[in-house]
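Work through these exercises with the coordinates open. Each task is followed by a solution in steps.

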Amino acid sequence: MTWEESTRQKMLHLKLPTDPRWVGIAEMQIEEILVDHAYCEQKAASSCISLILRFNDLDELVDTLTPIVAEEWGHFERVLEQLRKRGMKFGFPRKDDYVIKLNEFVKKGGSRIQHLTEHLLMNALIEARSCERFKLLSKNIADQELQKFYYGLMISEAGHFVTFIELAKKYQDPEKVTARWKEWLDYEAKVLKNMVVRGDRMH
């Protein structure tokens, strides 16, 4: 059994787990990882704000995403704190090839609700992959403070992943959401397989 097969069921339905080499490379570039992670949290908050503004007539969506915005921004502040206490600089944002490739899979056209579903599922997928990588960091890096830090974030991101899926099923036919989610998972596995393993990016 390959390492992909042996861990597939542990990865929040992800079809392809992260290459085992990633966490070791990431640990050697922890400043780069923390900077990239900070921007990931900022973008997660911004994405939820964008959905709230675009679908402000959907009360449950607004009420559900509003506290997530606050939580993601809180994560940003906590990552920034980890950088500061280590004497590390909050650098410039980096090109996120992973998210760029996911954006290419978003279906264009269709109804307003279909468009919402696409973005909720993409957000769910990003949260799932983040959760998986936080778990790897919490279990494998030597820095005990960061171990605990990433363990806590792992739990939070798993909750967000579930929330996005549930919201999609609230506003769209659940069977259609499930079918499309499977397509997203298949696509993400192909994206990850074709990406170069690098330790200066969270994704």
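The model is predicted.

**Exercise 1.** Determine how helices α3 and α7 are oriented relative to each other.

Solution. 
- Take the two helices: α3 spans residues 30–54 and α7 spans residues 144–171.
- Their axes come within 14 Å and cross at roughly 25 degrees.
- Angles under 35 degrees count as roughly parallel.
- Therefore α3 and α7 are roughly parallel to each other.
- The handedness comes next: α3 passes α7 in a left-handed crossing.

**Exercise 2.** List the residues that make the contact between α3 and α7, then sort them by class.

Solution. 
- From α3, the contact uses Ile30, Ile33, Leu34, His37, Glu41 and Cys48.
- From α7, Leu146, Phe149, Tyr150, Leu153, Glu157 and Phe164 take part.
- Sorting gives nine nonpolar, one polar and two charged residues.

**Exercise 3.** Compare the span of helix α6 with the expected value, then decide how enclosed α6 is.

Solution. 
- Helix α6 covers residues 112–140, which is 29 residues.
- At 1.5 Å a residue, 42 Å is expected.
- From first C-alpha to last, α6 reaches 43 Å, close to that expectation.
- Now burial: the cut-off is under 20% relative accessible area.
- 21 of the 29 residues of α6 are buried, so α6 is largely enclosed by the rest of the structure.

Conventions: Residues are numbered from 1 along each chain as its sequence is written. This is a predicted model: local features need pLDDT of at least 70, side-chain atom pairs count only at pLDDT 80 or more; totals for chains, interfaces and linings use all residues. Side-chain values use heavy atoms; hydrogens and water are left out. Axes are lines fitted to C-alpha atoms, for helices over the stretch in contact, and angles run from 0 to 180 degrees between N-to-C directions. Helices (H or I, at least four residues) and strands (E, at least two) are DSSP runs, numbered from the N terminus. Angles under 35 degrees count as roughly parallel, over 145 as roughly antiparallel, 65 to 115 as roughly perpendicular and the rest as oblique. A crossing is left-handed if the near helix is turned anticlockwise from the far one by less than a right angle, and right-handed if clockwise. Contact means heavy atoms within 4.5 Å. Ala, Val, Leu, Ile, Met, Phe, Trp, Tyr, Cys and Pro count as nonpolar, Asp, Glu, Lys and Arg as charged, and the others, Gly among them, as polar. The expected span of a helix is 1.5 Å times one less than its number of residues. Buried means under 20% relative accessible area, exposed over 50%, partly exposed in between (1.4 Å probe, protein chains only).
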